[in-house]
Structures are given as C-alpha cells and as structure tokens.
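Subject: Structure for your files, with notes

Hello,

The structure is pasted below, and my notes follow it. Please read them with the model open.

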Amino acid sequence: MSNMRRGRLSSDVIESVRVATDIVELVSQYVNLKRSGSSLKGLCPFHGEKTPSFYVRQDRQMYYCFGCQRGGDPFRFVMEHDGVSFTEAVRLLGQRAGIVVETSSEDSGHDGLYAVAEAAAKFFTEALHGSEGERVRAYLAQRGITRSTAERFRLGAAPAAWDRLSLALRDDGVAEETLVQLGLAARRKGGDGVYDVFRDRLMFPIQSLSGRVIGFGGRILPGPETGDAPKYLNSVDSPIYHKGKVLYGLAEARAAIRRADSAIITEGYMDALSLTQAGVEHVVAACGTAFGPAQAALLHRYSHRAYILGDSDSAGRRASVRAAGLLLEHGFLVHIVELPSGYDPDAFVREHGGAAMATRVREAPGYIAHMKLLVDRRAGALAVKERVVRHLLADLGRISDPVLQELYAKELARSFGLSETTVAAGLTQRKTPSATVQDVSTRSADTEPASVAVRAARRGLLRIGLANRADAARVTSELEAPDFGGGLERRLFEAIETAGADGHWRDHAADRDTDSLGSELEFEGAPPGDPEQLLRDYRATLLAARLDKTGADLSRRLAEAEARDDAEAADRLLAEKSILARDRSELRRPPSSS
Ligand SMILES: [Zn+2]
C-alpha cells in the first residue's frame, strides 16, 4: 500500500512543496488564529461553530478540530477546503510557493480542457463589452445587474451567430473535438464541421472551487425570434465538469457562508447574482439540475444550516420539499424561505432590496414549521395533514445523526400534536440502514471488539510512534498490523510502518479518516510518563491479547478434535496450548528490573 495518495507525482516535488508551505500561513488565509499554549486556535472552517475548537500546530505542520474530528497536514487542508484531489492540492500549494508541479497524470490531460474553457470565458467576456454585446448589456441593465457584478461573476455574451466562438478558438489551434467535448460546439448534421452551441445568450461561466472555469450556463435573451429555444442552456458533463457535483457561486460565496454559518440555496444563476449584488452573499445555485446528494455533501463542508429559497409557484415548492429531504439526510438544519406569491428571488430582491431579503431569510421557519404552515392554510383537511406527517416521517427517517433526528422528531410531535411515542414508532418502522453517511462516533469501529486496555495500548503506541520517529521504528518493529485490530488504528499503523524512516505517514494514509485519527493522536502527543516503561507495558498488553486470541483459537480447534475423536490432533493442540500458557504467564510477570 505504498505511496497511496502520491499518484504520479514525484516525491521530490511533493517534498519541495511541503518544505515551501507553512500551515499557519496557509490556514490564516481563511481562519483568524489566536495563540493558545503551544498551538494556535480558531473557528473551524469545516463545521459551523461559535467557540473555537480548531487547532493548528506550527511545529508539526498539522491541524486538528476537536469539534468535527478532522485533521491533517497542509495538503489535506487544501483537499478538504477546496474539494480537490491530492495532486491538485500539491499543484495549488506549489503555485503559491512558485513551484511548478508537472503532473503527468490525467490531470494534465485536463489542463488542455481547462485552458480552452478559460479561453471561451475570455471570448464571451470580451464579446460582452464589445459591439456584439449590446443586447446582453441592455438586458443586464434592465435586470439591474451592475458592471462590477458582471465582472465579479465574469459574465459574458455569446454572439448571435453560428460559429464565432468555434472559429476564434480554432484559429488559436483548439481542436473541434475539444470544443465538442466541452459542450461549446456540436457537430453539423452530415458530420462536416461544428457550430456554436451557445448563441445570442447571456453567459454564466461556472467555476470550480479553485477558481477555474469548468462549464457554462447560457440564458436566452428576450426577443421576437426566441421561439421555442430553451430559456437556459447548460454545458454538458465533461471530464472537467460534473453538473451534479458543482454549486454555482460557491467559490465566490464560501467565505460569506462560513461567516453567516449558513447557506442560501437558490435555483437560478440570476437569483444567486442579484442576491449577492444586494449584499446577501452566502448564496449558491444548483447548476441547471435538481439539487443533488453530491451538492449537499459539498455544501456540508462549509455550513450545516441551509435556507432553501425557491420560486413561489407549485413547481418551486415541490423542488424545495425534495431538496429539504436530501439536506436533512446530509445532516443539515433546514429552513424554507417563502416569498409572496408571484415572486422569484431575483424579482423580490429588485423590488424590496437586500435588507428585506436578509430579514426574510433570517426569519424563515424551519422545515417542519413550514410544512405545518402549509397544512394550516388548508384548514380541516385531515387527509392533507396525514399525508404531510407521513412525508415528514419519511424525511426524518433519512437523518443519520441520532441527535439531529431526535430533535426533529420532537419538533414534529409538538407541531402536529402527536405523542413522541407515535413519532418514534413511525420512525423505527421506516428506518433503513444508511451506508452513505458515516457516523463520526463509530468511525474507529473495529470488526472485533477489543478490551479497554487493548484499545488504550493501541492508541498509546500510536501516540508514541507519531510523536517521534525513532520510537515509531520501535513500535513497528516489535508489533504487527493485526495487533491493531481491523479498523482505523490498523490502517494508521500500516501507514506509519510503510512510511518508515522518512516519517511522512500521511503520504501513505490515503483516506481522510485515517488522516484525522492520526492528527488527533499526534495532537495529543506521547502519553505522559517514561516512554520506555510505556512502550514495554503497551507492547505486553497487545502481545497478551494476541496470545489470548491464539489461545481461544486453539481451544476451539481442540474441542473440534475431541468431538471427532482425533486423539493425535488433540495431543498436538494441547502441547501448543501449554507452550502458549507459559508465554502468556511470562508476559504477566513484571519486567526484570534493570
Ligand atoms: Zn471542525
């Protein structure tokens, strides 16, 4: 399992980026850090909190949050923060430090696609501010979008012609195939040449979290020859763009989302734009799709409270309720913002301003209260009430966090005048095991239960090993992976063992749970006491557990041998047992005094 996360990057490159990067400098860009003993602490950028539990240690170049139990090194920080791969994190940190990271992996194959998407974005922006952009500029003016908002979101104009973009990019040496792959052009019927997909439209470039253009949305301009063309057109999925995994505006909005400790989810690009312009900046939009699970998971990194702000028509309401269920499943506190009928978010903001919108959002009822309001409006309809309660029970059944689920269940009972027992029974009936969301409290769960002493010894040894490299070598040379069970502790042991002398165990711990456990233990430091003595005691505990396990195994095989009257096997197993018993009793004896 070597070099699991390194991919195709050379270790020299990783090393030079590592040396050139400082965790405090990096984290300080996003978190206000204050000194606290030998560490610095601040509000965790990965979960909403009011009192700091996010710690950074400069001496160890690591961070750990006691609130969400996530931790790692600078690479992990960028991976989590920007939602990128390890390779991409190295590239981004390299960029900061002025180190060119050549990626020979498929990422660099995509560099070409990113460059073309960027070139297209530039083409559209230039078109917007040139003579061809007149109609789009007029449209933006009519919608009250200022020039600075247009620039901030890099809005553009697709000319009203069949091949202006294709020709311009082909002149720059871009292959037709690439344009088709990015959904910017389509092949002509008959197969000869391509034509532009986006024509006579207002263009919204969609950016990745690291700020690269990856796709586009295009809104048709109102006019006589609009015909039956779709109002919005979106890029097709490509190797660099996956609609379901991107939220429009998140790169821009994430700092505001952290500050507000909540996110507003809208349907359209224009909604996101006009809210931001009106000073309500913690807003994102799904990119021309229904809000999906990957988007919920992405947003959950920045906030655990979501305000769904849809249109006030019935399609908008249905979409809101569907999104609410999904957000609950992902552990969000969900609110639904209702607008007066006939308004969409953009229209509301233009008419009433940002402050009025902010108030609407702030005072928006929680999901259950919202559903109760809807029911109350149809007074007396018991059938409606019953259907809504069953729907809510189904949604609450999807919440994997038991605390959140119970809070919501209590609210459901209170709002709809049901007993808590009835609600609890309704929930148990519906409960289906969810394998998608991992419960933090069970993340170190092992396949076999281990005693308290064994668990303490495993963690103690890992703490010693993580605190200093010389001791790590002793821990790994005297014990074996199975001594650490079958869960995260074992994966961490294996990572430390594989890293060996260079000590960069994180490069060998591919998953973030192992990384987080390692950070937690590294943060705790070596247990207090004489390290020699501790090493001996912990080692003895684990060896004893190992022998006990072998002993239990021997007893089982002995019973089997006796059951089938196999005297020869029974004798051999008995002999093994007695040797084992001797080894075991020696372990119990106090270490010979030195
Ligand atoms: Zn946290």
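Helices here are DSSP runs of H or I with at least four residues, and strands are runs of E with at least two, both numbered from the N terminus. The model is predicted, so local features need pLDDT of at least 70 and side-chain atom pairs count only at pLDDT 80 or more, while totals for chains, interfaces and linings use all residues. Residue numbers start from 1 along each chain as its sequence is written.

Helix 22 and its surroundings

Just after helix 22, Gly525 has a positive phi of about 80°. Helix 22 itself has 13 residues and reaches 18 Å from its first C-alpha to its last, close to the 18 Å expected at 1.5 Å a residue (the expected span is 1.5 Å times one less than the number of residues). The buried residues of helix 22 include Asp515, Glu520 and Glu522. Their cover includes strand 3, strand 4, strand 5, helix 3 (74-82), helix 19 and helix 21, where contact is taken as C-beta atoms, placed from the backbone, within 7 Å.

Helix 19 (residues 452-467) has 16 residues that should span 22 Å at 1.5 Å a residue, and its end C-alpha atoms are 22 Å apart, which agrees. Among its buried residues are Arg458, Arg459 and Arg463. The buried residues of helix 19 pack against helix 20 (469-478), helix 21 (488-499), helix 22 (512-524) and helix 23.

Arg546 lies in helix 23 (residues 531-563). Arg546 is partly exposed, with 18 other C-beta atoms within 10 Å. Arg546 and Arg584 are 38 residues apart in sequence and 9.7 Å apart in space, C-alpha to C-alpha.

An open sheet of 5 strands has the order 1-2-3-4-5 with antiparallel pairing; strands pair if DSSP finds at least two bridges between them. Strand 1 (34-36) and strand 5 (71-72) are at the edges with a single partner strand each, so one side of each has no neighbour in the sheet. Strand 3 (residues 54-57) and strand 4 (residues 62-65) run antiparallel and are joined by 4 bridges. Phe54 has Cys65 of strand 4 as its bridge partner.

Strand 13 (residues 263-266) is covered on both faces, with Ala263 and Ile265 buried on one side and Ile264 and Thr266 buried on the other. Strand 13 runs parallel to strand 15 (residues 305-309), with 4 bridges, and parallel to strand 14 (residues 283-286), with 3 bridges. Thr266 has Leu309 as its bridge partner in strand 15 and stands opposite Ala285 in strand 14.

A helix pair

Helix 16 (residues 382-397) and helix 17 (residues 402-416) pack at an angle of about 170° with their axes 10 Å apart. Axes are lines fitted to C-alpha atoms, for helices over the stretch in contact, and angles between N-to-C directions run from 0 to 180 degrees. The angle makes helix 16 roughly antiparallel to helix 17 (over 145 degrees; under 35 is roughly parallel, 65 to 115 roughly perpendicular, and the rest oblique). Helix 16 contributes Val389, Leu392 and Leu396 to the contact, and helix 17 contributes Gln405, Tyr408, Ala409, Leu412 and Phe416.

Regards

Methods:
Two residues are in contact if their C-beta atoms, placed from the backbone, lie within 7 Å. A residue is buried if 20 or more other C-beta atoms lie within 10 Å of its own, exposed if 12 or fewer, and partly exposed in between; C-beta atoms are placed from the backbone.
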